[in-house]
Amino acid sequence: MASAYGDLNLLNAAIDSTPLIDNHAHPLLTTDAVSKHPLLSISTEANGDALDDSKTSLAHLRAVKHLANVLGCEQTWEAVAAAVEQKRLESRDDWIKRCLDGIETILIDDGLDTAGHAEEFSWHDKFTKSKCKRIVRIEAVATEVIIRSFIGGSGKYTITDMDLKRFIDIFTNDIQQSISDSNVVGFKSIICYRQGLDIPLADEVEFKDVKRGLEDIMNAGMKVEDNEISLNKRIENSHLNYLLVHIAAKLIRDAPGPKKPIQFHTGLGDNDITLTKSSPSHLQGFIREYPTVPIVLLHAGYPWTRETAYLAAMYPNVYADIGEVFPCISRQGQENVLKQMLEVCPWSKVLCSTDGHGFPEMFLIATTQIRSALKTVLGELVRTQQLSEEQAVQLVQAVLYSNSKKLYSLQTETVLPSFAELRTLPLPRTNWTNEAVIQKLRSLDAKYLRIYWYDYTSSAKCRLFPIKQVYKTLLSGKPMTVSIAKAGLGLLPVDVLIPEVTATGMYTLQADWSTLKPGPAPGHVSCFGDFFHLDGSEEILCPRTLLRKTLGEAAAQGLTFLLGFEVEFVVLERNPDPTSPDKYRMLRNDGHAWSMARAIADWGREGSFNTAADEIMDTLDTAGIAFEQLHPESAPGQYELVLAALQPLEACDTLIQARQILESVAARHGFRITLHPKPYAMAGGSGSHAHMSISSPGGDKPEIYETFYAGIMEHFRSIMAFTNASPASYERMQDSFWAGGRWITWGTQNKEAPLRKIEGSHWELKVIDGLANPYFAIAALFTAGMDGIKRKAKLTWKDCAGDPARFSDEKRKELGIVKNFPGSLREAIDALKEDDLGLPAEFVRRYINSKEAELAFLERMTPEDRRRWLLERY
């Protein structure tokens, strides 16, 4: 989910990507038991007749909305319930995995009264990244002691001092075993439900009342239901309850090593509690009595949140949990809980939980709402300069993950990224709330929305919507989607289907609001879309999805990257001669050359491209696109725009957004921008050089980056099918033109090498141009590089200093320069057929089919006709 603060990319990335350690929840129901319990309970503590009234609560209505969006059904409870049932029938495990997505581990209180109906705590391991652990309920241990060791005879029970001692000894032994059990990470008391939280000091416990309480329970007897034994009378004698928590606290206090926390239910609960005694402020005496025992106040103490925050702030052994308010109170209530908690409580003392129980859907909506509230509340704190964005990221990682990991001494799989590393992570696809999107669009004063995608012929395509239609869709609660024919990913630029694709089938193109930027025209805003099947599953043929999955595979290997592009382009004028076959002509210039100050001398003159460049840079800045420089290049009318380094998916998005701004602003001033790799035979060509570096820890070690680039070198011939994706690309690839040349090699600061080493893992790829689909090209490069790392490939090529085309055969052989690049796109496609780089087979097949159809179309033209045709379209 997202707040209106959608431009806080690092904070939003941290909130979306940080896994949640759910420090308090309950087991899911078994397949047989799930139908015996009301699904309606997932957003309320009400039960009995009050449960049906919850349908008109804000918490319920919000839960319906969230679930309907995930399930793809109408926003009614009946539709949601039917869709959930269908998910259970299709694949219960798949649905649970979806609902628990983003949860690192669950600390499970398995003492809830669902004996025989609930799964074992370890069963949940298959749905979480790290193994789940137990929270032992103190009252459940005592119940088990009574059933196992005290009830069994006939007649009326009378508890003697010896009986009481025996009970205490057995209970003590069971608690000690749990303290020693590595699967148990804490304890829980529900004394709030039984007598309230006003626990007297240990020496004030009345043992005669304890014995009376035990007698009452034992004389009430037991019952058997579903082959499970339970007591007819629960443990709710005040002094017996007091004794149990004091024994547990003393045992934890006196145990060696790290102290396992005691969780206390506080505040929010069903009508079994006495509300006035549920405030955690009643625990102050108990907290003081056991200063070394960690105490966790569950559920934010709601509605006693400020009391909870105060206790956590003032006592070093007290921690505040913010669970169950997600999803059981309204959005405004949840945000207020966070705000009140942070008024006084250090974020190092705040823990997170779902209090999920029985149904996986509760985990789903709780985690979704937690992240949404964090974005809103922390976004406001950053905007008002109460927190820096880096501090807000630290807060997120602490509350969602680190605080619980430390408190419960957990061994978990995930290693959280540093702030610097977070900048390089692939941003997860962000699901903004519709309300947040509307607020963002209004803040941009948008009149029209463009949703872009990039196809297999490297053509930027989009759909344009009047903003009123966008608002209408979003206000109805629906996501902003477009139906696109599946044939759209198999079309040539002249709208002819490739032979292997039919006109049957539809995709859903869904807006990715995290890419929303103003531009490329005044009043317009733009974002990218991702392709999905109608059932909501991802389409691997989608360019952005392919790269996102590639980056996910890299992250699983501990690899992250930074990527920056240079955009070389040629500016053309429209030809005023209607009889000429050329629509465009060379930009009139006075000796245009590389970095020549004369080339920008007419900046400010009406009708000059340099004046248009002023608007281009302003538009880039308004869109939040960071660029480092703009300068004249070698060919007539040629310029280079250098974009800042970003994480790879964002870098590819930004490249296309920058090109759209270039094209749009230039067109408004009467100019044509072309990315044609070689528009003039006797002048330098245009590339789209990519600067890459391995940003993950150790990335600058030669044993890492050299194997990465060795993988690229080994697969270079196949990679060329993606980086030099047009017949015109091979016109640019000439020796001695600073274009990468024809020889497979690398060199430190060598502008003639296809791979230029700059420093450490920062290398520049020169053999890529503007007719490549950047998502495909970078996915191919990184896949090849990761293969090199996996195999520990050796960089057998020696550092090439100079122009390899001018070396003798012996000199090249000495440097390991023995192979040429493909001389044409057909040759590159043949190389790809032999070496698919390990990319998804379905994607490779579609790409090859598309390129072969494109070649068949272009090869029928004369070279000059093909040049004109490409200039008009790229």
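**Salt bridges in a predicted model**

Student: How many salt bridges does the structure hold?
Tutor: The structure holds 49 salt bridges, and it should be kept in mind that this is a predicted model.

Student: Ok, which residue does Asp-169 pair with?
Tutor: Asp-169 forms a salt bridge with Lys-165, and the closest N and O atoms of the two lie 2.8 Å apart.

Student: And where do Asp-169 and Lys-165 sit in helix H6?
Tutor: The two are four residues apart in helix H6, which spans residues 161-180, so about one helical turn separates Asp-169 from Lys-165. Asp-169 is partly exposed at a relative accessible area of 40%, and Lys-165 is also partly exposed, at 47%.

Student: Switching topic, what does Lys-583 meet in a salt bridge?
Tutor: The side chain of Lys-583 meets that of Glu-872, with an N to O distance of 3.6 Å. This pair links distant parts of the chain, 289 residues apart, since Lys-583 lies in the loop between strand E16 (561-574) and strand E17 (584-586), whereas Glu-872 belongs to helix H29 (residues 863-873).

Student: Which helices do Glu-852 and Lys-833 belong to?
Tutor: Glu-852 and Lys-833 form a salt bridge whose closest N and O atoms are 2.6 Å apart, and the pair connects helix H28 (residues 841-858), which holds Glu-852, with helix H27 (residues 825-834), which holds Lys-833. Glu-852 is partly exposed, with a relative accessible area of 25%, and Lys-833 is partly exposed at 47%.

Student: Last one, which residues are linked in a network?
Tutor: Salt bridges link Asp-512, Asp-530, Arg-544, Arg-548 and Asp-653 in a network.

Methods. Residues numbered from 1 in each chain as written. Predicted model: local features only at pLDDT ≥ 70, side-chain atom pairs only at ≥ 80, totals over all residues. Heavy atoms only, no water. Salt bridge = Lys/Arg side-chain N within 4 Å of Asp/Glu carboxyl O. Buried < 20%, exposed > 50% of the residue type's maximum accessible area, 1.4 Å probe, protein only.
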